[in-house]
Amino acid sequence: LTPLGEIMGMFLTEGIQSNIPVDEAIRRIKAQGGLVCLPHPFDSMRGINNRGFGEIMKLLPQIDVIEVFNARAMHLGNSNGKALAFATEHKLLKSAGSDAHTPGEIGHAYVEMPEFEDIDGFRRSLAQGQIHGHHTCPMIHVVSTLKTLKKRILR
């Protein structure tokens, strides 16, 4: 998590702490030879785009993968469709994620892709991948919010 939103590092050998500037997070991912993925970038509730489309454009040269289907993304605003169009236009690798916060959400979105051995194989395999998924019931956000509030209150 950065002040601008979530960024995923793939193929990392060590963790990267949260709440560091986005350019520092990307630098640390790249220093480990990892891939930079933007999950749910156009989700107005939690994407990096909630700070403005310009932020994504500034990061574009360093982005390797865009999550184009997020099962928890709200239907409003067509955030998954915008992510797919963006990734296609800019020739970025495409991923999907369940973004599961409960066991019942696991597997709501995934990429079916050929096996791979290493990061280069992953890139080739992901480029051939087929996105599958369906949206999680919007009421799950209420359940997640209540769980978060309960944790905060019990602290």
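Tutor: Happy to! A helix here is a DSSP run of H or I with at least four residues, and helices are numbered from the N terminus. Please keep in mind that this is a predicted model.

With that in hand, let us settle on the aromatic residues, with a look at the helices on either side of them in the sequence. Helix H1 spans residues 22-31, and its buried residues are Val22, Ala25, Ile26 and Ile29. These four sit on the same side of H1, because they cover an arc of only 95° around the axis. What lies over them? The cover of the buried residues of H1 includes strand S1 (8-10), strand S2 (35-38) and helix H2 (53-59). Just after H1 comes glycine 33, with a positive phi of about 75°.

Now to the rings themselves. Searching the whole structure gives three aromatic pairs. In one of them, the ring centres of phenylalanine 11 and phenylalanine 122 are 5.1 Å apart with the planes at 65°, so this pair is edge-to-face. Phenylalanine 11 belongs to the loop between S1 and H1, while phenylalanine 122 belongs to helix H4 (residues 119-128), so their pairing ties together parts 111 residues apart in sequence. Phenylalanine 11 has 35% relative accessibility and therefore counts as partly exposed. Phenylalanine 122, at 10%, counts as buried, because the cut-off for buried is under 20%.

Phenylalanine 122 also pairs with phenylalanine 116: their ring centres are 5.1 Å apart and their planes stand at 75°, so this pair is edge-to-face too. Phenylalanine 116 is partly exposed, with a relative accessibility of 36%. Put together, the ring pairs link Phe11, Phe116 and Phe122 into a cluster.

Finally, follow the chain on to helix H5 (residues 140-154), where valine 142 is found. Is valine 142 buried or partly exposed? Its relative accessible area is 41%, so valine 142 is partly exposed. Valine 142 is also one member of a nonpolar patch on the surface, alongside Met139, Leu146, Leu149, Ile153 and Leu154. Together, the residues of this patch have about 640 Å² of accessible area.

Methods: Residues numbered from 1 in each chain as written. Predicted model: local features only at pLDDT ≥ 70, side-chain atom pairs only at ≥ 80, totals over all residues. Heavy atoms only, no water. Buried < 20%, exposed > 50% of the residue type's maximum accessible area, 1.4 Å probe, protein only. Helix = DSSP H or I, 4+ residues; strand = E, 2+ residues; numbered from the N terminus. Arc of directions from axis to C-beta. Contact = heavy atoms within 4.5 Å. Phe/Tyr/Trp six-rings, centres within 6.5 Å; stacked < 30°, edge-to-face > 60°. Patch = residues over 30% accessible without salt bridge, like charges linked within 9 Å, V, L, I, M, F, W, Y side chains within 5 Å. Areas by Shrake-Rupley, 256 points an atom, 1.4 Å probe, with all protein chains shown as cover. Salt bridge = Lys/Arg side-chain N within 4 Å of Asp/Glu carboxyl O.
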